[in-house]
Amino acid sequence: MRNRPRASLGRILQDLGTTVLDVAASPGDLDTEVTGVHIFDPLDELIVPQGGIVLAVGVRGAAEICHLIEHAPSAAGVVVKLPVDVDERVRATVLESGVAVLGLTRAASWAQVAALLRSLLAEADLAEPGQEPQGDLFSLANAVCALLDAPVTIEDRSSRVLAFSGRQDEADPGRVETVLGRQVPERYLRMLDERGFFKQLYQSREPVYMKLEDEGVINRVAVAVRSGDEILGSIWVAVREPLSEQRQRALADAAKIVALQLLRERAGADTQRRLRADLLSTVLAGGADAPEAAGRLGIATTRLCVLAAQLGSDGTAALAADPARGESDRQRFCDALALHVAAIHPKAAAALIGSIAYAVLPLHSVGDEEARAVRVAESFLARVGPRHAANIGVGRLAANLSQVARSRADADRALRVLRARDTIGQAADYPAVHFESLLLQVADVAAAEEQTPTGPYQRLLDHDAEHGTELAATLRAYLDAFGDVNAAAARVHVHANTFRYRLKRLVEISGLDLSDADARLTVMLQMRIFGR
């Protein structure tokens, strides 16, 4: 029987984000296992088992928070409506008991957070990898349609259709086009934006009636779907006249239910991805737990090759300015890689670990497995190139799970060489870049030990720094051109005679003997290792 993934307090907070719950006072480590959700009732005896989360309904003020923690010392955390009164006594009680204090957004109901937490702890939401989360947005859309007697769509912030009800044929051609394309057409988005309807929608907490007055277009009523101050999406209803007050209230209530479902699905999807990443990390690390993790992922255990793929745009100013977009791009890239390798072998697996998408690819015994893995990587890069500019490092073949860690290290090193080359859209296996990788490792050791260049090369660097010359660059051009003065002069854009003069000067200053093969090798290696 497989063990269920452990639901820690920190993991739950990561899945939900800070929109719903945030940490008001922490004992430090949030790795406490969460076992259940309990609602505080001052009229009942408070019995909280180890790891329970207590919903502190009606609890306010530092004194009441401390009293509750003292009577529930085995809890993982207590949840209090914001703003949370945290003073020195509360902090001391939290540190002494190990019970975290969490703040719940004012806009969320206790029923919502109880249902959401219980769904995260439920077996269904932490299903095995490969199982789809069970959502019922389409059922909700049909229920709202029945309540309002009008066709309904549920859309995300980008106006992509998440679900729709029946009776769409009663709406206008624009709605039909929206449902078929699962996206609101650009011309309608532009029209709604120009008329200020989106601004009204996202500023209001009540349904907004939109009188479109265009030929062949039915009016709309829409309501934003919110979780606290975060807008998750919207519900759109095609109507011919404004809704009655009763139906407006029904639509507003429906938005709260849809918000809960969207949060459940988002948390479930995040949990699935994290679970797959945790399991694949275990496989890549090797060790005693690797066979069980491989079994849960359903991947092969022999003749494997690890691919390490990374978007070339990682770390750029654009992604630094919008980290959420960067994370979304990386996840879509990883999803594409997972689909690609799964199409090649049903027992392949991929997951995003940090900024790198790793894939474990089983290979048949045909004699050129590593070359085939490179071809798989190149094929993937060719397919996603227009959308995702990336590099892929390919590790050596692992005959069994115990060798996967080595293959992963190989793939990481090959990927690093490609980054050091400042290339993009390339795949390389470790044997092809072995020596370059060794030089980078030597450079790491030199940097860690704070070593610096020595001998003739150091004298050139000192002279350049003091006099503003470029003798080190002259030497690099000469060595790169195998001693061809004309080719080297062209590289640094000077006349050949000027280059010969600089070459003579650098020999005089550094004492380097260019006729000595060992001396040339020494200075070339220093250039590569110290990167100057």
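**Close-up views of a predicted model**

**View 1. The lining of the largest cavity, by residue class.** The lining of the largest cavity comprises nine nonpolar, four polar and four charged residues, where Ala, Val, Leu, Ile, Met, Phe, Trp, Tyr, Cys and Pro count as nonpolar, Asp, Glu, Lys and Arg as charged, and the others, Gly among them, as polar. This is a predicted model, in which local features need pLDDT of at least 70 and side-chain atom pairs count only at pLDDT 80 or more, while totals for chains, interfaces and linings use all residues. Residues are numbered from 1 along each chain as its sequence is written, and side-chain values use heavy atoms, with hydrogens and water left out.

View 2. The structure holds one cavity of 30 Å³ or more (a set of points on a 1 Å grid over the protein atoms alone where a 1.4 Å probe fits but cannot get out, with lining residues having an atom within 4 Å of a point). The space in the largest cavity is about 170 Å³, a volume being the space filled by probe spheres set on the points, which are joined across faces, edges and corners. Of its 17 lining residues, V184, Y188, L192, R220 and W236 are the closest to the centre. Helix 7 gives the most to this lining, with four residues (helices are DSSP runs of H or I, at least four residues, and strands of E, at least two, numbered from the N terminus).

**View 3. Confidence along the chain.** The mean pLDDT (the predictor's confidence in each residue, from 0 to 100) of the protein is 84. Confidence is lowest in helix 11 (residues 317–321), at a mean of 48, and highest in strand 8 (residues 208–210), at 95.

Definitions and conventions:
On a 1 Å grid over the protein atoms alone, a cavity is a set of points where a 1.4 Å probe fits but cannot get out, and a pocket is an open set with protein on both sides within 12 Å along at least five of seven lines; lining residues have an atom within 4 Å of a point.
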